[in-house]
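Trainee: I have a structure open and some questions about it. Can we go through it together?

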Amino acid sequence: MALSACSRGEPQPQAAADATPIACAIGEASDFGRDCLVEKVAGEQGPEFVVRHPDGKFRRLRIAENRGGMIAIDGAEEAINELVGEPRVLQVTVGADRYRFPATLDVQS
């Protein structure tokens with residue numbers, strides 16, 4: 001089932017108060033909107049990022065060891081990374097979902 005573009009709905013109560021909004025396009029043929037929230041959390045192998053969708057679903061990502069992008073750590077689907085736009089942002093695609101991370105996102109341990 002394809003989802004339409006992300007839309008600004010009710011606040012996401014599961015996200016931390018300091019979560020950072022990022023652009024996302026959830027599902028095939030969806031448009032980008034600043035509707036996802038990302039939280040940085042401590043993981044066993046370093047910082048992890050929990051991307052929360054407006055509908056309450058989420059993905060867990062981690063910076064790749066070579067720091068060349070992000071890897072998905074919550075399922076079988078691989079993350080595809082590319083730099084897009086101007087100013088450049090890291091676009092991470094996992095399955096039919098796309099996320100755009102700003103270059104200023106704090107990824108330090």
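**A cysteine pair and its sheet**

Mentor: Start with C24, which is buried, with a relative accessible area of 0%. Keep in mind that this is a predicted model.

Trainee: Is C36 buried or exposed?
Mentor: The cut-off for buried is under 20% relative accessible area. C36 has a value of 0%. C36 is therefore buried.

Trainee: How far apart are the sulfur atoms of C24 and C36?
Mentor: A disulfide needs two cysteine sulfur atoms within 2.5 Å. C24 and C36 form such a link. Their sulfur atoms are apart by 2.2 Å.

Trainee: Which parts does the pair of C24 and C36 tie together?
Mentor: A disulfide is a covalent bond between the sulfur atoms of two cysteines. C24 sits in residues 20–25 and C36 in residues 33–43, so the pair ties together parts that are 12 residues apart in sequence. Those parts are strand 1 and strand 2.

Trainee: Is the link of C24 and C36 right-handed or left-handed?
Mentor: Look at the angle about the S-S bond. For C24 and C36 it is 85°. The link is right-handed.

Trainee: How many disulfides does the whole structure have?
Mentor: The C24 and C36 pair is a disulfide. A search of the whole structure gives a total of one.

Trainee: What is the bridge partner of I63 in strand 5?
Mentor: Strand 4 covers residues 58–63. Three bridges join strand 4 to strand 5, and the two run antiparallel. In strand 5, the partner of I63 is M70.

Trainee: Which side chain makes a polar contact with the side chain of Q91?
Mentor: Q91 lies in strand 7, residues 89–94. Q91 is buried, at 6% relative accessible area. Leaving aside neighbours within four places in sequence, its contacts include F32, I80 and Y99. The polar contact, at 2.7 Å, is with R100.

Trainee: Which side chain does a polar contact join to that of H53?
Mentor: H53 lies in the loop between strand 3 (46–52) and strand 4. H53 counts as buried, at 4% relative accessibility. A polar contact of 2.7 Å joins its side chain to that of Y99.

Trainee: Is A103 buried or exposed?
Mentor: A103 lies in the segment after strand 8 (97–101). The cut-off for exposed is over 50%. A103 has a relative accessible area of 70%, so A103 is exposed.

Trainee: How far apart in space are A103 and V89?
Mentor: In sequence, A103 and V89 are 14 residues apart. In space, C-alpha to C-alpha, they are apart by 5.8 Å.

Trainee: What share of the protein do buried residues make up?
Mentor: The protein has 109 residues. C24, for one, is buried. The share of buried residues is 41%.

Terms used:
Residues numbered from 1 in each chain as written. Predicted model: local features only at pLDDT ≥ 70, side-chain atom pairs only at ≥ 80, totals over all residues. Heavy atoms only, no water. Pairing = 2+ DSSP bridges. Helix = DSSP H or I, 4+ residues; strand = E, 2+ residues; numbered from the N terminus. Buried < 20%, exposed > 50% of the residue type's maximum accessible area, 1.4 Å probe, protein only. Polar contact = N/O pair within 3.5 Å; in protein donor to acceptor, adjacent residues only side chain to side chain. Contact = heavy atoms within 4.5 Å.
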